[in-house]
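Here is a short report on a structure, written to be read with the model open. Start with the sequence, then follow the residues in the viewer.

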Amino acid sequence: MLEVDNINSFYGKAHVLRDLTLSVPHGNVIALLGRNGAGKTTTIKSIMQLVRPASGSITFNGQGITALPPHKIAKLGIGYVPEERRIFTDLTVSENLLVGKQPPREGAVTWTEDMLFDLFPNLAERRSNRGKALSGGEQQMLTIARTLMGNPSFILLDEPSEGVAPVIVEQMAKVIQQLKSEGLTVLLSEQNLHFAQAVADLAVIIESGAQVYSGTLKELNSHPEIRDAYLAA
Amino acid sequence: MEFFVAQLLTGLANASSLFLVACGLSLIFGVTRIVNFAHGSLYMLGAYVGYSFMQTLPGAVGFWGAILLAGVVVGIIGVLIEVLVLRPVYRAPELFQLVATFGVILVIQDLTLIIWGPEDLLGPRAPGLRGVYRIMGEPIPKYDIVLLAITPFIALALWYLITQTRVGVLVRAATQDREMVGALGVNQAVLFTGVFALGSALAGLGGALQLPKGGADLLMDFHILAPVFVVVVIGGMGSLPGAYLAAVIISVLNVFGVTYLPQSTLVLMFVVMVVVLMIRPYGLFGREEVAGEHGQVGEPELPIKPASTNVRLIVMVGLALLALLPLFGSSFAMVLTTDILIFCLFAASLHFLLGLGGLVSFGHAAYYGGGAYIAALLVTHANSPMELAFILAPLGAGLAALAIGWVCLRLTGVYFAMLTLAFAQLLWSLVFQWGSVTGGDDGLVNIWPSDWLNSTTAFFYFALIFSVGGILVLRHVAHSPFGYALRAARDSKRQAESTGINTQRVQLLAFGFAGLMGGLAGALFVFSKGSVFPNELEIARSFDALIVVFLGGVKTLAGGVAGAAFFKGVEDLLTRFEYWRLVMGLLIIFVVIVAPQGIVGSIRKAAIRMNVLKQGKHS
Ligand SMILES: Nc1ncnc2c1ncn2[C@@H]1O[C@H](COP(=O)(O)OP(=O)(O)OP(=O)(O)O)[C@@H](O)[C@H]1O
Ligand SMILES: [Mg+2]
């Protein structure tokens, strides 16, 4: 569904992604693993063209997207859930969802506000609260819900388990499994291996912006030396 | 009591236009982060366009139709400006975009002059609303009552648009995080253009609505600018209720001021602004700006290095040529060169603040004009000898800058810029309205240098020594530990502080020092011309300096000087033509779009490409 081919990305002069290659097959949840600063966020931003790769190509459903602006990429059906959540704090929960709203897309679920409130019951009670009044966990749910309003067929989830309470992490895992069962493809950036194991089928590990492992999570479990070399304890 | 109510109603009616213009500016700033200095020009266009429509469309329907059409036309003009001028520079350093809007001001001024001519236009009366209503016995023009009555509806309509529609939700979302809005599939370009169109249309409506009260003239653009900025800043950038409340406060204050303190109406407005900002630094309804939003984007700058031998050689030859000018140049050439030198010093002092300190002052003319006025006042009222006045003027300007800087440096970013502008306007209005001391609009004349400097040649050398000397001192300070501390404070306040730099104090001293040097330029100016008028303190003068610094190149030390020399020269050439503003405006826009590094930056880039200079080795 998504092919990242030999991309190189920079921040100023800092070379962050080095010939990174990555393939996300349709219908899977794939975990992008790696230590702090390995380049996970940069990979996701490069796919979204929020960071423009200096070389290499990215194709989505066979279409090259490296020259497109972010809004066109979103329109193709790629949903982006940023690491820092970036909800609109002065807008209410409902208004945040309205910003994400896009027309229905063929082959993807058409989400409504009510469906999302079923998925995230905590948000339902808070629909007219402003974003800044929400707890960290609620903000994390809102940022996912907001992206789903765009009816994506593929979502980029950047560390959804970061800094939220264990109950919420569990809930998040259920949501991802449900999304997968509805046919959504997910690229999930994670440091939390437990969480990744609960939801992902495949894993890619990156280190210093280059791929060092690619395979199923089961295989990874049988190679603790790889885990120890490239992932934090 | 009756009189009081009547005054209040007049104030509320006056608030109507001001509110419309201010909310347009506020909306545009909120989403695009551009402080649109051309907003006053859009207001002026609204008045002229509305006038023309009123001439052709008959009756009451024609009158109100003309106002709406003026809004639509100005909205379309706004779209043109956004697409043609601003869109190419959205990726340039943020404050660079300001310069583009300065260019637009000049272009619109001349286009208006060409189309409608130089005469002030008397606004037509609204059909059916010619007389007055008696309210508690006091006469209130019917049109005022209508304005007063419809403004809340316009405000309500805007409020509805912003809070209750998806477009409004997107606008508010983009005000906070436009990149995220884009990543959610919203085309930012369309949103920006839409917001710019709406903001411009509001300015146009404001201009057309005030036609029966104020007519249309070519000075409207700058005249509305100061109150509009005051309203936006008092209300809080990006807040509609804030803009409404502030517009009412300012207008009502103004009406009462005219009655009770006719000499200080202008001063009053800025005093209110300063007081509000001291208590609520981000305005009545404003939010603190998100840190980092205003950082300069672009490549990291090259380290400042002492000039290479080549560059030194060129500068020496240039100076030698200047020193020899009296031998071969006409006296006209000497006068022009004196003007250029003075302007170079003025620009270099602003560059010091802006380039090294990252402190964008919109009101640097306060110190230049201030220095000139201090010297002139000393000569006029204290019979001070020229030499003493010449020494005291920069000192006084420097002290004023320290005091003003102390207040302004409590704020950052746009609010800092606005507050410096407000202080400059405060000074301007003081000088303008305190006629018995300052001569008001007639200025102060007969401020000639002492006998030994009375010849053109002698004064030329005097100006040469002091302006080049001043520039060299500025340059020297830039390379001193103080200069490094200043740049450290600009790049990262926290980091600088952790290395033991008192950033607050460093910035304040820099502000005072830049004021001192600006004052020196002003003192040179007043003795070279023999007179000084309030326009040396005007917004336009502050803009002149900003334009040359940006166009010369903010990131290179020589930028201010090169920009000033180039533009003063070009201006001298251009002002011989009738429509020089048009050409100058287009030139500015052209440079902004084509050479966003400024003149010096572009030359250096070209030199590096041609291997004349090695990258990073020279400055
Ligand atoms: N805006 C930026 N400017 C400069 N360097 C950056 C920027 N953002 C990230 N980096 C650097 O790029 C490298 C990769 O960062 P990235 O955020 O992609 O890592 P990550 O794998 O997402 O880490 P984390 O697990 O902490 O989120 C790091 O060395 C980081 O310091
Ligand atoms: Mg990350």
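B:Q210 counts as buried, because its relative accessibility is 10% and the cut-off for buried is under 20%. This is a predicted model. B:Q210 sits in the loop between α8 (188-209) and α9 (211-214) of chain B. Leaving out residues up to four places away in sequence, B:Q210 touches B:S17, B:Y43, B:A47, B:G215 and B:M220.

**A glycine in a helix of chain B**

B:G75 belongs to helix α3 (residues 59-86) of chain B. B:G75 is buried as well, with a relative accessible area of 7%. What does B:G75 contact, leaving aside its neighbours within four places in sequence? The partners are B:A197, B:S200 and B:A201. B:A203 is 128 residues away from B:G75 along the chain, yet 8.5 Å separates the two C-alpha atoms.

**The hairpin of chain B**

Strands β1(B) and β2(B) form a hairpin, with two residues between them. The strands cover residues 132-135 and residues 138-141 of chain B. They pair in the antiparallel sense over four bridges. B:Y133 has B:I140 of β2(B) as its bridge partner. B:R134 stands opposite B:P139, also in β2(B). In the turn, B:M136 has a positive phi of about 50°. For context, most residues other than glycine have a negative phi.

**The sheet of chain A**

Chain A has an open sheet of four strands. The order is β2-β1-β4-β5, and the pairing is antiparallel. Which strands stand at the edges of the sheet? They are β2 (14-24) and β5 (63-64) of chain A. Each has a single partner strand, so one side of each is left without a neighbour in the sheet. In general, strands of a sheet pair through backbone hydrogen bonds.

Strand β1 (residues 2-11) of chain A is joined to β2(A) by seven bridges. These two strands run antiparallel. A:V4 stands opposite A:L22 in β2(A).

**Two loop residues with positive phi in chain A**

A:N61 has a positive phi of about 50°, although A:N61 is not a glycine. A:N61 lies in the loop between β4 (55-60) and β5 of chain A. Is A:N61 buried or exposed? At 52% relative accessibility, A:N61 counts as exposed.

A:E159 also has a positive phi, of about 45°, and is not a glycine either. A:E159 is found in the loop between β7 and α7 of chain A. A:E159 is buried, with a relative accessible area of 5%.

**A buried serine in chain A**

A:S161 lies in the loop between β7 (154-158) and α7 (166-181) of chain A. A:S161 is buried, with a relative accessible area of 8%. The side chains of A:S161 and A:E190 are joined by a polar contact of 3.0 Å. Not counting residues up to four places away in sequence, A:S161 touches A:V169, A:E190, A:N192 and A:F195.

**The surroundings of ligand 1**

How many residues surround ligand 1? There are 13, and the closest are A:N36, A:T41, A:T42, A:E83 and A:Q191. The shell divides into three nonpolar, six polar and four charged residues. Helix α1 (residues 40-47) of chain A supplies the largest share of the shell, with three residues.

| Residue | Protein atom | Distance to an oxygen atom of ligand 1 |
|---|---|---|
| A:G37 | backbone N or O | 2.8 Å |
| A:A38 | backbone N or O | 3.2 Å |
| A:T41 | polar side-chain atom | 2.6 Å |

Taken alone, ligand 1 exposes 640 Å². The protein buries 58% of that area.

Terms used:
Residues numbered from 1 in each chain as written. Chains lettered and ligands numbered in written order. Predicted model: local features only at pLDDT ≥ 70, side-chain atom pairs only at ≥ 80, totals over all residues. Heavy atoms only, no water. Near = heavy atom within 4 Å. Polar contact = N/O pair within 3.5 Å; in protein donor to acceptor, adjacent residues only side chain to side chain. Areas by Shrake-Rupley, 256 points an atom, 1.4 Å probe, with all protein chains shown as cover. Nonpolar A, V, L, I, M, F, W, Y, C, P; charged D, E, K, R; others polar. Pairing = 2+ DSSP bridges. Buried < 20%, exposed > 50% of the residue type's maximum accessible area, 1.4 Å probe, protein only. Contact = heavy atoms within 4.5 Å.
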